Amino acid sequence: MRCFIAIDLPEEVREKIYGINKILDGIKHKPVEKHNLHLTLKFLGEINDYRANWVIERLKSLKIKKFKAWLNGLGVFPDENFIRVLWIGVEPSSTIHQIHKQIDDALEKYFKKDKRFQSHITISRIKSLKDKKDFLEKIKSIRVEAGFCVEEIKLKRSILKREGPEYDDLYVFKLL
């Protein structure tokens, strides 16, 4: 099964993020379904039941405290010259980076450590873009104000379907 570890977002935050797609009128893109918006802490890829249970046990041993998070500015991947993904940042990035590092360290026996980690939520996948400069100016002017309390992280399964991915929670880790 294809799995990842993530922070889910409250409905009102997903609603605000999804609303950003209206700036993409006239641009060929595929928005992330509103119910699928999340912050990935670590992508695990294909794992079996044994490995999933091992991940659950390793994550249970982590001591992660609840924290307040907020949205912070739009960006693109891989870079401004070749735009394929529109994302929104999540703060406090230092806290999220610490959590990511704890997860990376806890799972290093079976999973490679991530070389780079960017605290973000993917909003849309850009298919083609005629005027990059105009697009970049638009996204730099957008401010989305939304805060939320992070009280859990989840081990999730991704089922790829023609209509798009479907996510199931395999395990919910309550934070301290």
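Tutor: Among contacts in the chain (heavy atoms within 4.5 Å) between residues at least 6 apart in sequence, 74% join residues at least 24 apart. The model is predicted, with local features needing pLDDT of at least 70, side-chain atom pairs pLDDT 80 or more, and totals for chains, interfaces and linings using all residues. Residues are numbered from 1 along each chain as its sequence is written, and side-chain values use heavy atoms, without hydrogens and water.

Student: How many helices and strands does the chain have?

Tutor: Helices (H or I, at least four residues) and strands (E, at least two) are DSSP runs, numbered from the N terminus. Here there are 4 helices and 9 strands. Their order from the N terminus is β-α-β-β-α-β-β-α-β-α-β-β-β. The radius of gyration, over C-alpha atoms, is 17 Å, close to the 16 Å of the globule rule for 176 residues (2.2 Å times the number of residues to the power 0.38), so the chain is as compact as a globular protein of that length.

Student: In what sense do strand 4 and strand 7 pair?

Tutor: Pairing requires at least two DSSP bridges between two strands. Strand 4 (residues 67-79) pairs with strand 7 in the antiparallel sense, over 4 bridges. Cys149 in strand 7 is the bridge partner of Lys68.
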